[in-house]
Amino acid sequence: MPWQECMKDAALSELRIHYQAAASELTYSNPFQLLVAVMLSAQSTDRQVNRVTADLFFKVSSPQELACISVEGLESLIKGVGLYRTKARNLIKMSSLLCERHQGVVPQTFAELEALPGVGHKTASVVMSMAFGLPALAVDTHVYRVARRIGFANENSVTKVEQELKDVVPCAEWGAAHHWLIHHGRYCCKAQKPLCSSCVVAAYCRFLLSAKGSQEI
């Protein structure tokens, strides 16, 4: 069944209405804490990250303090998240570079953020959008899966899916749409067992309407 452009608009409208209150589930108080939390979130849930950062941010509150902590000391503080050894090294290097190049202030450009150790395009996009309110649409595993299932995107690479989403979603809503798609992916359009019977966009979903709807897209 050919995918109709009007169905994308209808699906986006339903997501906008249903998830209008959706927001990040990470706990943070400033751009630096957000950057740290997002770096910790790879291969971990937000709940795991929040448990770790509750103690971490109590003991380490600035880039200057984090840059001075030992790798072993930081590992002991963040060992509740996946890949904690690699993340500990990256967090210390990232904090050192913030102090050396940016006076301890989180930069507000993609180039500067992505030059920090352990900071990829997705992390930079989250920080740009959530910390500074700048146009960015971060594509994580949930956003990638939902975008392709619903029919917002067709490509296989994260970079191309991001561009396809930006063509569907108005620029002013990129940040909000990131949260709509994440919440839909976490609580309805799950990876293994999507809850299609209770899906708010089921009537427009390519995954269901396709003749191959029983297969993973």
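Predicted model: local features only at pLDDT ≥ 70, side-chain atom pairs only at ≥ 80, totals over all residues.
Residues are numbered from 1 along each chain as its sequence is written, and side-chain values use heavy atoms, with hydrogens and water left out.

Let's begin with the salt bridges, meaning a side-chain nitrogen of Lys or Arg within 4 Å of a carboxyl oxygen of Asp or Glu. The structure holds 6 of them. In one, Glu-25 meets Arg-186 at 3.1 Å, N to O. Glu-25 lies in the loop between α1 (5-18) and α2, while Arg-186 sits in helix α11 (residues 174-187), so the pair ties together parts that are 161 residues apart in sequence. Helices here are DSSP runs of H or I with at least four residues, strands are runs of E with at least two, and both are numbered from the N terminus.

Which residue also forms a salt bridge with Arg-186? That is Asp-46, with the closest N and O atoms 2.8 Å apart. This pair links helix α3 to helix α11, 140 residues apart. Together, Glu-25, Asp-46 and Arg-186 are linked in a network of salt bridges.

How accessible are they? For the terms, buried is under 20% relative accessible area, exposed is over 50%, and partly exposed is in between, with a 1.4 Å probe and protein chains only. Asp-46 is buried at 11%, Glu-25 is partly exposed at 31%, and Arg-186 is partly exposed at 23%.

Asp-46 also turns up as a contact (heavy atoms within 4.5 Å) of Ser-41. Leaving aside neighbours within four places in sequence, Ser-41 touches Asp-46, Val-49, Lys-87 and Lys-122. Ser-41 lies in the loop between α2 and α3 and is buried, at 13%.

In that loop between α2 (31-40) and α3 (46-59) we also find Gln-43. Gln-43 has a positive phi of about 60° although it is not a glycine, and it is exposed, at 68%.

Finally, the rings. A charge sits over a ring if NZ of Lys or CZ of Arg is within 6 Å of the ring centre and within 35 degrees of the ring normal. Arg-149 lies over the face of Phe-207, 5.0 Å from the ring centre, and Lys-166 lies over Trp-174 at 4.8 Å.
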